[in-house]
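Student: I want each label tested against its rule. Show me the model, and we can start with the terms.

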Number of protein chains: 2
Amino acid sequence: MEPSHTTMTDPADETGPPAFDHPCPIRDVLDRIGDQWSLLILGALAPRTLRFNELSRAIGDISRQMLSRTLKRLEADGFVQRTLYPEVPPRVEYTLTALGHSFLVPMQQLVYWADAHHEDICRSRRAARALDAGDH
Amino acid sequence: MEPSHTTMTDPADETGPPAFDHPCPIRDVLDRIGDQWSLLILGALAPRTLRFNELSRAIGDISRQMLSRTLKRLEADGFVQRTLYPEVPPRVEYTLTALGHSFLVPMQQLVYWADAHHEDICRSRRAARALDAGDH
DNA sequence: CAGAATCCTTGAAGATACTG
DNA sequence: CAGTATCTTCAAGGATTCTG
């Protein structure tokens with residue numbers, strides 16, 4: 001856990017207005033992937049470019065509202081590129097940027113870990129619940 | 001994104017929502033690390049065992065409330081072990097389990113990525129804000 | 001088709017105070 | 001020392017409606 005936390009108090013980068021860019025890199029990334037939808041969207045876009053409604057169907061239970069919002073953030077952060085084709089009816093395509101793809105590399109490792117250890121976690125939870133139920 | 005996500009768009013898996021243990025391993029893990037404190041706690045415990053108040057001081061701006069809650073969840077999920085020494089005054093030590101340590105391995109990769117690309121993200125954000133300010 | 005605008009609910013987190 | 005108990009706030013996310 002070294003790199004991110006030791007640098008977060010770096011007093012030398014006072015180049016701009018504070019209070020809106022996050023001081024801690026990993027926090028920034030976690031805020032992005034911590035939400036309900038970002039990772040699902042990135043995963044859906046990983047193999048191929050998709051249009052708005054294709055993305056909506058691919059994910060299934062996401063509201064248009066949240067899909068729109070989340071895509072905007074991902075676009076603003078440079079993970080996703082949005083391309084509007086000025087036709088009628090309008091067509092908009094979303095595709096991963098190089099940054100977006102590169103992000104999925106370490107993320108994939110985490111997915112592997114999660115798959116490998118999910119059972120351990122569930123077992124631990126059941127044990128905890130059993131204890132909790134027994135002692136009150 | 002193979003193992004976890006390709007299966008969740010599968011239209012054929014309507015076997016009924018079990019509704020108690022999370023169906024998606026990665027979601028489970030993300031829920032844990034997505035919150036404000038879990039990762040900070042794991043990071044603090046990585047190099048050494050700590051007592052409750054040591055942990056509190058190590059993290060700094062966490063309330064006792066949240067420290068207690070988060071530790072309980074981490075303990076229930078098997079990331080952290082809690083040991084109570086029945087002395088007066090009481091002493092409680094928290095330490096990472098093998099599962100907790102193994103989790104930090106892929107997590108570390110994500111931290112590296114975040115450090116390496118934080119500037120890209122910030123730059124992208126600034127550009128997005130500039131565009132946004134210009135077009136309305 | 002691809003969103004934006006609006007309103008509302010809920011859970012996460014903070015503040016504060018108390019306890020074995 | 002190591003917590004728990006309440007109360008409150010706040011923002012993420014959902015539902016619904018409207019539009020170029």
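Tutor: Helices are DSSP runs of H or I with at least four residues, and strands are DSSP runs of E with at least two; both are numbered from the N terminus. The model is predicted, so local features need pLDDT of at least 70 and side-chain atom pairs need pLDDT 80 or more, while totals for chains, interfaces and linings use all residues. Residues count from 1 along each chain as its sequence is written, chains are lettered from A and ligands numbered from 1 in the order written, and side-chain values use heavy atoms, without hydrogens or water.

Student: Where does P89(A) lie?

Tutor: In the loop between β2 (80-85) and β3 (91-96) of chain A. The bond joining V88(A) to P89(A) is a cis peptide, with omega about -5°. In chain B, P89(B) also sits in the loop between β2 (80-85) and β3 (91-96). The peptide bond from V88(B) to P89(B) is cis, with omega near 0°.

Student: What does the record annotate on chain A?

Tutor: The unreviewed UniProt entry gives "domain: HTH hxlR-type" for residues 24-122 of chain A. Such annotations may be inferred rather than shown by experiment; positions follow the numbering used here, and feature names are shortened. In the model, that stretch of chain A is 65% helix and 14% strand, with its end C-alpha atoms 31 Å apart.

Student: What relates chain B to chain A?

Tutor: The superposition is by least squares on C-alpha atoms of residues with pLDDT of at least 70 in both copies. A rotation of 180°, with 0.0 Å of shift along the axis, puts chain B on chain A at RMSD 0.2 Å. The copies are therefore related as by a two-fold rotation axis. In chain B, the C-alpha nearest that axis belongs to G34(B), at 2.1 Å.

Student: How do you know which surfaces of the copies meet?

Tutor: Contact means heavy atoms within 4.5 Å. By that rule, chain B gives 52 residues and chain A 51. Of the interface residues of chain B, 94% are also interface residues in chain A, so the copies meet through the same surface. Buried area is the accessible area (1.4 Å probe) lost on putting two parts together, summed over both. Here it is about 4700 Å², with 64% from carbon and sulfur atoms.

Student: What makes D28(B) and R125(A) a salt bridge?

Tutor: The rule asks for a Lys or Arg side-chain nitrogen within 4 Å of an Asp or Glu carboxyl oxygen. The closest N and O atoms of D28(B) and R125(A) are 3.3 Å apart, so the pair passes. R125(B) and D28(A) also form a salt bridge, at 3.3 Å from N to O. R125(B) lies in α6 of chain B and D28(A) in α2 (residues 25-34) of chain A, so this pair joins two chains. The rule finds four salt bridges across the interface.

Student: Which element gives the largest share of the side of chain B that touches chain A?

Tutor: Elements giving two or more residues there include α2 (25-34) and α6 (98-135) of chain B. The largest share, 24 residues, comes from α6(B).
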